[in-house]
Amino acid sequence: MIVLVGFLGAGKTTVGRALARRLDVPFADADHVLVERLGRPVAEVFATDGEAFFRRAEHEAVVDLLTSSDGVLALGGGAVEHPGTAAALAALPQRRPGSSVVHLVVDLAAARERVGGDPGRPMLARPDLADVHARRAPGYAAVATLEVATHGRRVDEVVDAVVAGLPRG
Ligand SMILES: Nc1ncnc2c1ncn2[C@@H]1O[C@H](COP(=O)(O)OP(=O)(O)OP(=O)(O)O)[C@@H](O)[C@H]1O
Ligand SMILES: O=C(O)C1=C[C@@H](O)[C@@H](O)[C@H](O)C1
Ligand SMILES: [Mg+2]
């Protein structure tokens, strides 16, 4: 399986869907699975139950998906901040040989350009978003088997770069 990680707006969902189509494999998005499970949109879960509740539920959903899903899996931007999720991602290539964890790299300015102001992404309202971006970068890098820059590349070009970087076979 191929798991996509990266900051908000990196293109995990968009690139993930296009990559799955290109490789003719299934696609799943952890945020979508979670929203379905919880029965409420992300912003509402943040507002009513708080971020800590969201993170616990996200961890459970991601651990399930890392076992049950196949093809391409896009994670939420904050998933790697849960130590249990980070450990599960780091162990993935050994546990499921042939799998890859791809970090789609986006700088803060590009992320803001792409998704800034989206009320469905409550993290964007944080005044310390730059700190969050800086804090997460090593977390993505630590679990990634491949890093792909997204800045200045169209979605199909990012897909090309991912495919080119994947191990053959
Ligand atoms: N390479 C790209 N160039 C320009 N725009 C892009 C690129 N990749 C994604 N986008 C656009 O950025 C927006 C956010 O993309 P997407 O929802 O896939 O990000 P994400 O990484 O899944 O974010 P989140 O962490 O919030 O789930 C979308 O409008 C998408 O079309
Ligand atoms: O970066 C984050 O913390 C988030 C990213 C999105 O994918 C969602 O998981 C949610 O909006 C939180
Ligand atoms: Mg997404």
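User: In this predicted model, why does Asp24 count as exposed?

Analyst: Asp24 has 7 C-beta neighbours inside 10 Å, and since a residue is exposed if 12 or fewer other C-beta atoms lie within that distance, Asp24 counts as exposed. The residue lies in the loop between α1 and β2.

User: What makes the phi of Asp24 worth a remark?

Analyst: The phi of Asp24 is near 60°, which is a positive value in a residue other than glycine. Most residues other than glycine have a negative phi.

User: Why is Glu147 called partly exposed?

Analyst: Around Glu147 there are 14 other C-beta atoms within 10 Å, and because partly exposed residues fall between the limits of 12 or fewer for exposed and 20 or more for buried, Glu147 is partly exposed. Glu147 has its place in strand β5, residues 146–149, and, not counting residues up to four places away in sequence, it touches His103, Val105 and Ala141. The C-alpha atoms of Glu147 and Leu104 are separated by 6.2 Å, although these two residues stand 43 residues apart along the chain.

User: How do you know that Pro93 counts as partly exposed?

Analyst: Pro93 has 16 C-beta neighbours inside 10 Å, a count that lies between the limit of 12 or fewer for exposed and that of 20 or more for buried, so Pro93 counts as partly exposed. Pro93 belongs to helix α5, residues 83–95, and, leaving aside its neighbours within four places in sequence, it is in contact with Ser99 and Thr145. Its C-alpha atom is separated by 9.2 Å from that of Met1, 92 residues apart along the chain.

User: Which residues of α2 are buried, and how do you know that they are on the same side of the helix?

Analyst: In helix α2, residues 30–38, the buried residues are Ala30, Asp31 and Leu34. They cover an arc of only 95° around the axis, and this puts them on the same side of α2. What covers these buried residues includes β2 (27–29), α3 (42–49), α4 (51–68) and β3 (72–74).

User: What makes up the shell around ligand 2, and how does it divide by class?

Analyst: Ligand 2 is surrounded by Leu8, Asp31, Val42, Gly76, Gly77, Gly78, Arg121, Pro122 and Met123, and by class this shell has four nonpolar, three polar and two charged residues.

User: How many residues surround ligand 1, and which helix supplies the largest share of the shell?

Analyst: Ligand 1 is surrounded by 21 residues, of which the closest are Gly11, Thr13, Thr14, Gly77 and Arg114. The largest share, four residues, comes from α1, while α1 (12–23), α6 (108–115) and α8 (155–165) each supply at least two residues of the shell. By class, the residues around ligand 1 divide into seven nonpolar, eight polar and six charged.

Note on methods:
Residues are numbered from 1 along each chain as its sequence is written. Chains are lettered from A and ligands numbered from 1 in the order in which they are written. This is a predicted model: local features need pLDDT of at least 70, side-chain atom pairs count only at pLDDT 80 or more; totals for chains, interfaces and linings use all residues. A residue is near a molecule or strand if its C-beta atom, placed from the backbone, lies within 6 Å of it. Ala, Val, Leu, Ile, Met, Phe, Trp, Tyr, Cys and Pro count as nonpolar, Asp, Glu, Lys and Arg as charged, and the others, Gly among them, as polar. The arc is that of the directions from the helix axis to the C-beta atoms. Two residues are in contact if their C-beta atoms, placed from the backbone, lie within 7 Å.
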